[in-house]
Amino acid sequence: MGFINKLFGKSDQEEVTMTNEKLNIGIILGSTRQGRVSPQVGEWVKGIADQRGDANYEIVDIADFQLPFLGTTDGTEPGIAAWNEKLANLDGFVFIVQEYNHSITGALKNAIDFAREVWYNKAAGIVSYGSTGGARAAEHLRGILAEQKVADVRTHPTLSLFTDFANGTEFTPQDLHVDNVNTMLEEVVSWSGALKTLR
Ligand SMILES: Cc1cc2nc3c(=O)[nH]c(=O)nc-3n(C[C@H](O)[C@H](O)[C@H](O)COP(=O)(O)O)c2cc1C
């Protein structure tokens with residue numbers, strides 16, 4: 001393409017910008033409690049994702065934004081704007097979901113509630129864990145995402161507290177989950193690309 005760009009007067013820098021079209025996918029850690037295992041799960045997903053080379057993957061930790069509880073402040077905390085800015089720069093999401101009382105964490109629900117249009121017309125995958133693979137929490141999240149116009153893909157790796165964690169604290173995933181994570185990521189990237197055309 002270099003010689004064609006020279007003919008039309010485009011610089012090399014413009015060429016790099018035009019061809020750098022990888023999507024940005026955020027791997028969102030849904031728990032914020034001290035001693036949480038979600039960073040281990042998120043890093044494992046990112047390790048698999050980075051080997052694919054099909055998107056820019058990054059860990060997005062809700063805890064970093066120090067969001068207040070919605071409605072309890074005047075909304076001027078810098079973390080609220082930073083959270084919205086981060087979401088605005090993402091094309092798709094992988095939610096790392098843990099089951100708390102048969103649902104998602106309050107922290108994740110609060111973070112979802114703190115943004116609106118920046119969620120719209122994007123895609124998401126879910127990786128969940130719990131005593132039953134976090135399935136109940138994941139199904140709740142699907143309903144919430146629909147309201148935020150986020151399209152959730154079908155393939156859903158479910159990790160068991162009994163067989164994928166040692167003592168419930170050290171993440172020791174079985175190999176069988178890797179194929180599922182790859183299929184989920186494939187779906188997230190293709191749907192995120194398709195939905196980008198609507199924005
Ligand atoms: C408040 C609370 C409620 C929980 N409720 C459930 C539950 O309903 N079902 C389940 O499978 N696990 C439940 N658990 C276990 C969590 O899924 C497990 O501790 C998991 O590691 C939490 O994720 P985290 O370490 O990233 O915070 C609960 C844990 C907490 C802290």
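Reader: Serine 160: buried, exposed or in between?
Author: Serine 160 counts as partly exposed because it has 16 C-beta neighbours inside 10 Å. Buried means 20 or more other C-beta atoms within 10 Å of the residue's own, exposed means 12 or fewer, and partly exposed is in between, with C-beta atoms placed from the backbone.

Reader: What am I looking at, and how is it numbered?
Author: This is a predicted model, where local features need pLDDT of at least 70, side-chain atom pairs count only at pLDDT 80 or more, and totals for chains, interfaces and linings use all residues. Residues are numbered from 1 along each chain as its sequence is written.

Reader: Back to serine 160. Which strand is it in?
Author: Serine 160 lies in strand S6, residues 158-160. Strands (E, at least two residues) and helices (H or I, at least four) are DSSP runs numbered from the N terminus.

Reader: How far is serine 160 from glycine 134?
Author: They are 26 residues apart in sequence and 7.7 Å apart in space, C-alpha to C-alpha.

Reader: How many helices and strands in the chain?
Author: Seven helices and eight strands.

Reader: What about S1, why is it largely enclosed?
Author: Six of the seven residues of S1 (residues 23-29) are buried, so the rest of the structure largely encloses this strand.

Reader: Which way does S2 run against S1, parallel or antiparallel?
Author: S1 and S2 (residues 55-61) run parallel, joined by seven bridges; strands pair if DSSP finds at least two bridges between them. Isoleucine 28 stands opposite valine 60 in S2.

Reader: And S3? How many bridges to S1?
Author: Five bridges join S1 to S3 (residues 92-98), again parallel. There, isoleucine 25 stands opposite glycine 92.

Reader: Now the core. How many residues in the largest nonpolar one?
Author: It has 46 residues, and Phe95 and Val188 are among those with the most contacts inside it. Helix H7 (residues 177-196) gives the most to this core, six residues. A nonpolar core is a set of buried Ala, Val, Leu, Ile, Met, Phe, Trp, Tyr and Cys residues joined through C-beta atoms within 7 Å.

Reader: What does phenylalanine 95 touch?
Author: Leaving out residues up to four places away in sequence, phenylalanine 95 touches Ile28, Gly30, Ala124, Ile126 and Leu141. Contact means C-beta atoms, placed from the backbone, within 7 Å.

Reader: Last one, the ligand. Which residues come nearest?
Author: Of the 13 residues around the ligand, Ser31, Arg36, Gln98, Gly130 and Ser131 come nearest. A residue is near a molecule if its C-beta atom, placed from the backbone, lies within 6 Å of it.

Terms used: Two residues are in contact if their C-beta atoms, placed from the backbone, lie within 7 Å.
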